[in-house]
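User: I want to check the labels on this model. Please set each value against its cut-off.

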Amino acid sequence: MNKFLESLILRPRTILMITFLLFVSGVMVYIGIVKESSPNIAMPMVIISVPFDGVSAEDAESLLIKPMEKELRDLDDIKILLSEATEGHAGITIEFVSGTDESRLLSAVREKVDKAKVNFPKGVDEPNIKQITAANQEVILTLIISGQQNYRSLVTQAEQLKTQLELLPEILEVKVIGGSDEVIDIEIDPVRIQSYQLDVASISQLIKANSALIPAGSLESEQGSLAIKIPSVFRQPNDVLSLPVVVDDVRVLTLSDIADVRFTHKKPDEKTRLNTDPSIELRIYKKSGVNILDTVGLIEAKTSALETQWPATTKVTYLHNKAEDVANMINDLQSSILSSVVLVVIVLVAALGLRSALLVGISIPISFLSGIIIISMLGYSVNMVVLFSLIMAVGMLVDGAIVVIELAQRKLQQGLDSGEAYIRAAQQMAWPIIASTATTLSAFIPLLFWPGFFGQYMKFLPITLIATLSASLVVALVIIPTLGRLLDKNPLPLDDEHGEENTHDKVVTGGNFIGFSRHYMRLLEASLLHPKKVVTSAVVILILIFNAYGSSGLGVEFFPEKDNRVIQVIIKDDGSPYSQKEQTAIVDAVYKEAIKLDYIQDVQVLVGGRDQIGALAITLLEWQHRPSSATLMTELRGILEPLAWELDILNASGPQGGKSFKLQISGLPFDELRVVNKQIQQLMSDDGRFTNIEDNGPAGGVEWHLIYDKNLAAQKQVSIKDIGTTVKLLTNGVYVGAYRPDYADEDIDIRLRLSEQYRHLSQLNHLTVNSSSGLVPIAPFISQQVKPRNNLITRVDGEQAITIQADLIEGAQLNGVLNDFEPLLKPFNVAYEFKGEAADQAESGSFLIKAFSVAVFMMAIILVTQFNSYFQVALILSAVVFSSGGVLIGLMVQQMPFSIVMSGIGVIALAGIVVNNNIVLIDTFNGLVADGLSVKDAVMNAVYLRLRPVMLTTITTILGLLPMAMGLNIDLMASVIEVDGPSSAVWGVLAMAIVWFLTFASNITLQITRCLLLLVQRFKAV
């Protein structure tokens, strides 16, 4: 190793060229690398969606869900099979266990669904099968087209823009919210068709027959081939209107004679507006692996080009722009990196001198850029987790460089030339630095195997740190010594208060320490007189810290809450059969009260939607100009509390979002489950710690069931299909064909239905159906029954289930709530399971404990290899236990709960960091003992000789993370300091854990370690 390092350092031209190549390549890679807001997580999940217009939830379950479940159960590695049957739709979500080969998921699922399709009823649409990733679930931009103009104009403009945007190769999908498809309604008058002795079934069949595509082929002859066409597809409005219905000797009766043909839009399930203007929303999704900044730029360019063709009354608004968030985040975190580097360099200038500080300063960008190159080669993007990991690495990656430069300075002061000084420093510190880097990496390597969603989300932290710290090892042992022997010719008196030459390598006995260090050493020397008392006191203090935190009531949380710019207000469905007009009035009443909240920028209003009357999406001002979203949400809840409707007011945070409390109940017939569901929700309401309670069961209310008389229908030869077709005239109409105008890319449905004034339930008494004796009234064949509405049926792993969800009030913690609430579920005799955050917390907590154990064991192996002593390895690792009290002290000072994810990662990461100082200290101690010093003198000299590097590495790591831990964003270029930015709420918890941990650890290393060294040596001597 020594010869190899010397040969590299003695080839400065080669090393300088490599350094220049790394710098230039790193800058180019960083500029061109894909930048995203959140990590692009590949989740082993597949969604199957099967539309079937008009089907009930019960029929969707029996006819669609069950055949698919039967086939899908044979798939390997299924974790959860979640099914939902709703009116007009069946859907299945399959979650596979982590680590499943994702390349074959789609094909395997599609194969099983194809087998199940054999048992589907006729008329079912083709199943849509899609694999879920973070890219196709995250909306990168919401584009709203609004204005005081007619609805059809807004829909047309939205469809034009959707078509243009989906032509961009970067765009995955554009979803239109609030729009509707064009349709041709053939509205018939029941009196008129009965007067002509016509029935609905024959009219429907006639229109279908005349709109069929008829390929006639070509006529072959000796003179050539002649193509023959029979135009039958409707392409002009007159094609529909002139369709003959009745032909006799007197005249031809066309469709226009018995019906009104209307070119219109389907009634939208959801209506939207922006503030008070009617609007259409376009939610845009990008493909995986494309740069979000460039993609949004292309979207804006396309939109601006189309906007010039639209009326002046059209207004385009961009909301929830993830590109802006990414740009701001990159700017904020780059500023944090720059400010951290400046703080680190200032300390190093004061401690080591300008030239040495510049050498350390050079090591930071080289290590960063090398890490970025590695990340790019692995195919990853730069995202929020990567950028924070780089900040976390600022103080860590200079440790090796500081140790080498500090030792080289002392060699220079002893009279060696710069070349010899830096070569010897690199050689002497090579194994300690390699060991300390290896132990740090050992802490992060187990995190690569974190299962589940959060493992995928957080894996970029260990990847980034492993890449940058590995690069920093090469920088510290090769690049820094090479540059140092070229630049650092004259040593500085680093620790000389009275003009005396510093001779740190000389052994000091009798406490004759010089310079500033002697003041600190006198404080430490007293502790060696009573090592047992010092160690015992440390153990007692640590126990007291743990007890103090346990009694503080701060507790544990899964993931820190963050500030969100959007507050959602959902007006929940109470089961009443509201018309869209009534829904609009309710939503308007909520909107009128909600806009009383201050700091609002825009409000997106949605009328309708699944299991809700409507919703508001309130976009707040930027975080610099308002209180926190949690504060505003509490204020909004107070404003809306007097309203009569049940509301959910949401400010979801964390990578997954959603509500923190999720309880799944099953094991009973569905009707009994519905009763138990209501009883459990009543218990939750009485508890007082739950808010925004909801479930995924039926919304309630009633629905009409039409029961037909099979025997009478058989006697009169009346087809149930004809009865169903006739009843559809009252509802959404009967699909009879498609119209393909020249201006459209897709077919426009043609529906046969009654005129609007006849669309009511009493009309069933007047409709007729064809029978063996001609047209007869439909009424004798059917009876009407009112039953509880069952619009949604959920199944988990083939069993009917209901999931209850809720948020917790401020200050309530999930663990405490679960412990108190679980005993209340026993009397219900129902199978139950806590899902969501509780399940994630259990999975992640269990993994982090295992990861910590594996990390410590890996460190122990490395340390045993380095020191060949179990005593010294145990001594080094004891610093992890003693230092952990620092995290709890920090949490108590700042009144924050222990975060399973962030604080847990901090403790594991610091397990690798905190042992580094002990490695250097004990390595020096072993060398001094080998030189013949007594144990006490060796202990004191080891601390004395390594005091500066220990303190410097600790201070630089703390300073690198201090701005983030304090919630500061220091933009040196713009001379702006911002406090408590959105990212600090999440990442500040991790930064704070490291800062407090290291502050505590530095004293542990210098105080407890040397006392333990003395005690261990005495024990071995006995």
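User: Why are helices α27 and α28 called roughly parallel to each other?

Analyst: This is a predicted model. In it, α27 (residues 870-883) and α28 (residues 885-894) pack at an angle of about 15°. Angles under 35 degrees count as roughly parallel, so α27 and α28 are roughly parallel to each other. Their axes are 5 Å apart.

User: Which residues of α27 and α28 meet, and how many of each class are there in the contact?

Analyst: V881, F882 and S883 in α27 meet G885, G886 and V887 in α28. By class, this contact has 3 nonpolar, 3 polar and no charged residues. Gly counts as polar here.

User: How do you know that the span of helix α12 agrees with its number of residues?

Analyst: α12 covers residues 354-377, which is 24 residues. At 1.5 Å a residue, α12 should span 34 Å. The end C-alpha atoms of α12 are 35 Å apart, which agrees. Just after α12, G379 takes a positive phi of about 85°.

User: What makes strands β2 and β3 a pair?

Analyst: The cut-off is at least two bridges. β2 (residues 78-86) and β3 (residues 89-96) have 8 bridges, in the antiparallel sense, so by the cut-off they pair. One of the bridges joins L82 to T93 in β3. β2 and β3 form a hairpin with 2 residues between them. In the turn, G88 has a positive phi of about 85°.

User: What makes β2 and β29 a pair?

Analyst: 5 bridges join β2 to β29 (residues 792-796). At least two are needed, so β2 and β29 pair. The two strands run antiparallel. S83 stands opposite R795 in β29.

Technical notes. Residues are numbered from 1 along each chain as its sequence is written. This is a predicted model: local features need pLDDT of at least 70, side-chain atom pairs count only at pLDDT 80 or more; totals for chains, interfaces and linings use all residues. Side-chain values use heavy atoms; hydrogens and water are left out. Helices (H or I, at least four residues) and strands (E, at least two) are DSSP runs, numbered from the N terminus. The expected span of a helix is 1.5 Å times one less than its number of residues. Axes are lines fitted to C-alpha atoms, for helices over the stretch in contact, and angles run from 0 to 180 degrees between N-to-C directions. Angles under 35 degrees count as roughly parallel, over 145 as roughly antiparallel, 65 to 115 as roughly perpendicular and the rest as oblique. Contact means heavy atoms within 4.5 Å.
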